[in-house]
Number of protein chains: 2
Amino acid sequence: MKSAIATVSVSGTLKEKLAAIARAGFDGIEIFEQDFIADAGSPRDIGTMIRDHGLEILLFQPFRDFEGLVGDQRRKAFDRARYKFETMRKLGADLMLVCSSLHPNALGGIDRAAQDFAELGELAATFGMRVGYEALAWGRHVNDHRDAWEIVRRADHPNIGLILDSFHTLARKIDPDSIRRIPRDKIFFVQLADAPQISMDLFYWSRHFRNMPGEGDLRVQDFMRAVAATGYDGTVSLEIFNDQFRGAQPEGIARDGYRALHVLMDDVRRSEPDVLVDIPPMPARTRVGGVEFVEFATRAEEAGQLAGMLRSMGFSHLGDHVSKAVTLWQQGDIRLILNQETTGFASSAYNMHGTTICDVGLRVDDAGATTERARALGATPFNQSVGPGEMDIPAIRSVGGSVMHFIDDTSDLADVWSVEFRRPVVAATPDAGLSRIDHLAETMHYEDMLSWALFHTSIFDMSRSEIVDVVDPDGLVRSVAMKSANGAVRITLNGADTHRTLVGNFLADSFGGAIQHVAFATGDIFSTARRMRDSGFDPLVLTENYYGDLRARFSLEPGRLDEMKSLNILYDETAQGAFYQFYSRPFASGLFFEIVQRVGAYDGYGAPNAPFRTAAQKQLLRPKGMPQR
Amino acid sequence: MKSAIATVSVSGTLKEKLAAIARAGFDGIEIFEQDFIADAGSPRDIGTMIRDHGLEILLFQPFRDFEGLVGDQRRKAFDRARYKFETMRKLGADLMLVCSSLHPNALGGIDRAAQDFAELGELAATFGMRVGYEALAWGRHVNDHRDAWEIVRRADHPNIGLILDSFHTLARKIDPDSIRRIPRDKIFFVQLADAPQISMDLFYWSRHFRNMPGEGDLRVQDFMRAVAATGYDGTVSLEIFNDQFRGAQPEGIARDGYRALHVLMDDVRRSEPDVLVDIPPMPARTRVGGVEFVEFATRAEEAGQLAGMLRSMGFSHLGDHVSKAVTLWQQGDIRLILNQETTGFASSAYNMHGTTICDVGLRVDDAGATTERARALGATPFNQSVGPGEMDIPAIRSVGGSVMHFIDDTSDLADVWSVEFRRPVVAATPDAGLSRIDHLAETMHYEDMLSWALFHTSIFDMSRSEIVDVVDPDGLVRSVAMKSANGAVRITLNGADTHRTLVGNFLADSFGGAIQHVAFATGDIFSTARRMRDSGFDPLVLTENYYGDLRARFSLEPGRLDEMKSLNILYDETAQGAFYQFYSRPFASGLFFEIVQRVGAYDGYGAPNAPFRTAAQKQLLRPKGMPQR
């Protein structure tokens, strides 16, 4: 089974595309005719350049408006085909895609089209070429792969076959299992694309909204399982275009494409064990059991402020690193690390961002397997030299260049805290009732959000929510939540459209994505809020109008509402349960903390409150370029 | 008739929104509840702040999920309404919008809803308030203004009326003339929004794609004519949200809104002379007869290069300004001005952008009326001190801070060339057959494209084409063409999504929009291209593959095709006619020239060729940040 990606999926000049595609690990490409025409090289030179990148030309596309014409227009269509075959011979390509016709004069008729393709097959054979026919979802007469297959069957020519595209089938809600009855040798090529489930004009949807398998809502896995069930072992290729990809860096798109394709095929293999799926093996997704630690890079005055804030939240300073300027803070199952080193990774993170979350440790079932899977999917491994008395814990690069460590029970890694840290001689802080990390909120440009969602869902046993729009006073923020199967780890991704949003503002300061806030869980938010208030915690203050609105919206007891107002606790309610939350003020470059309590089966993150807490946070941020007060 | 805009249409904090809305000239606002809740002021303080901006609160919105409930949920809905009325009293608002319910338990039933509203009317009356009911296009039971009207009619309460929204009516393709039978006094409020004609889920379309009247494809004018025909003279308000507006500057949105609303009402008044439309008068659109001149700000070495390029294109140096370092170049009806002054407007344009087009003169029927209309629609007048022997020509600011002058035949302005310029002692250049300016191509960020399209179509007698997607190797460029009624003036707007596109690249260098190229028309492009080649003109070179593809696509004579290839002429063909074009190489900061010939009724701009000429142009641009060769 060969992996490919269409050159139209990747931005840049043809040479830039090829370099990115080769580096990502694909076997070959679909060459999009426009890319070929725009290149100054001769067809022969372009073919050589592609092969010099270690890539095969697995498809030449598209050839449009071929079938169903008569007279001069039919003759002209065959002339065009002949010229394309000549070009393909020079390029070194032997499979051409013909998509179903949109021509206003195309007559339709299954037998007429079959006759056209039988003749085209003869012409193709004289060049040693093959032709694949694909039903466009908006084709004039043929817009269903079952009709395209009937035409190919009746054309009955060895050089004529079918090309399947998941978007065209799934967008029209055609049952992908109808593929299972097509003979494998008549499927010449398979294209994959996903898309978010928005009902709209099919052509507009396809042009602007396609995305990588697993990034959208279509049943691409069912489609691919049906294809695999036929015994098909030819090329599986990504033909994807959307407005964001067109403007993105070629390397990122190619890497995401490879990751999406590899993980899809791996999932198909695991769900259809009796079907051969010939791709390199990798370990299965590992169960994620919780957040083991969160590490802050900080320094000097900011380190003191952060430690003070942690104390006001009920965290105790329980450890000093054996050899480094690193302290450990704990409460319940939460471990926070403050790293004040002036060399090494945390130090460079501090130098770039100011106080920032530079490292997250995840508890997993098998740290080695997790790292191996991540590497197989193109994640960047992270290694730092290990000092005396320190352990070498597997790690990869995560959002915004931060690090993600993996810790399991199978080794003595679980003992890292007693091995690397000594108990300091300071009194413990009174506990505030925080028990665990509810979620980490990562912030990024919207263009990168799908990419980081794919990162999490492909490596870990995590699923993805729908994308929610959050209106910031200065722009749109889109938010998606990932959750481990048991709910122990939750990560939200917030993608900002403009730099004027709170999220975008934070990004402008921090060069790429980052974790902007950590939410801690409590079993009794009122008690926690009171204890924190008594320890000097400075909450984000909500408006009177917010509580007036709460009163109108929900049936809350007046006493309870007054208490919420005095403690600045926000509230949300669904049929599943209730949600309480309050926030710290933003620290340094926009980092902040949240305290939450989930009641019943509430599974969200208080999205209806987001506009109000965002507005309150923005009030506190000094306008850019203004003198500080 | 009062003009208003919803606070949700404008970005920023409530205070920023109010400042922008007041400055644009609106009478009042619809206050969006979220904006109110997010503000730290008390309802009374917020009301005062709004009135201090000189604005009235004409509507409080939205109140959701009111009608069709029973039992506790119905009681709770009335409790919510009571709280809102109390809040509105403090704010100083007396009209509330209730949108049709999406509540899963709403029962439906016209009479049940009418009964709910009759009771709500009683409650509203005790507060001195009125309530307007609006049918959301995706309402659960009520999604058509005719049904909402039937409910209001049966509620039969003086404090209950109807709210109409052009989007909700037109998106469902409901005939707007059905409004003509509604009594004017039962229409409490009118909201206007346009949208591009893309078939998609109504809610998604409304949330992400609404735009200003005239910026989209809906029949907003027909809608407003029907409203005006009822005798309605209440508030007309803009309720508009889309992804771009949310991230844009509040001033721009408010100014565009005022312009769109004013021009719509003016058009309604002119098309329905028997209906009273009570808005400030302004002159009608003036006929645009042609481009009188294009002025370049340039200097030193670049001025010499530009003059050389003009000579190679067959332009003759025919005038020197009486008092300034300004020269006049002519060919056919085309006048180009090279301004090398080191003070004044052109000089500052040069200092900001390098060689750039800083001024365009349009021939209009009435220059004074055009300027007056432009000013009434919020355009910025431009005045420069007039030197001895110079004329004071009316002008406004145009795209990217450039200037647009208006010249008519009614004054002696037409003689400006003979008055201000002297013939120099240089030989004329041999003519290359260029006869007139075919079009000017303006370049901008995509977010600003609708705004500049509205600028042109609202001030001039120009119409707008559909928006076309052009794929640049590094991103999407959207293009829209404006054409005067007689076709004498054509202006294309190209909006870039990312700074990596050719257009975006140009913008990064030129701080905002600008004219990136001028296209000259010839009656015989082959003769022109040969004459220019002989004069040393350096064309943009297309690839061999491009001509191979032309051969396959069109039935061109081989000899003609060879000639096109040798002269680097591009070709396009439609059922209406044919189009030939060739380009100069990009000059200085990306400015370039195009030569075109239209055959038959070809009305486009060669969009199918854009990817290939863009790729060729990008080849010539040095990568940013790389050392120059």
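Predicted model: local features only at pLDDT ≥ 70, side-chain atom pairs only at ≥ 80, totals over all residues.

Residues are numbered from 1 along each chain as its sequence is written, chains are lettered from A and ligands numbered from 1 in the order in which they are written, and side-chain values use heavy atoms, with hydrogens and water left out.

**Stop one: the interface.** Show chain A and chain B together. Each side of the contact (heavy atoms within 4.5 Å) can be selected: 55 residues from chain A and 55 residues from chain B. About 4,400 Å² is buried between them, with carbon and sulfur atoms giving 55%; that is the accessible area (1.4 Å probe) that two parts lose on being put together, summed over both. Now pick A:Ile37, A:Tyr83 and A:Asn545: they supply 15% of the area that chain A buries against chain B, more than any other three residues.

**Stop two: a salt bridge.** The interface of chain A and chain B has two of these (a side-chain nitrogen of Lys or Arg within 4 Å of a carboxyl oxygen of Asp or Glu). Zoom in on B:Lys84 and A:Asp549, whose side chains pair up at 3.2 Å, N to O.

**Last stop: A:Asp35.** Is this residue buried or exposed? A:Asp35 counts as buried because its relative accessibility is 14%, and buried means under 20% relative accessible area (1.4 Å probe, protein chains only). Show its neighbors too: leaving out residues up to four places away in sequence, A:Asp35 touches A:Thr7, A:Val8, A:Leu14 and A:Lys17.

Technical notes. Buried < 20%, exposed > 50% of the residue type's maximum accessible area, 1.4 Å probe, protein only.
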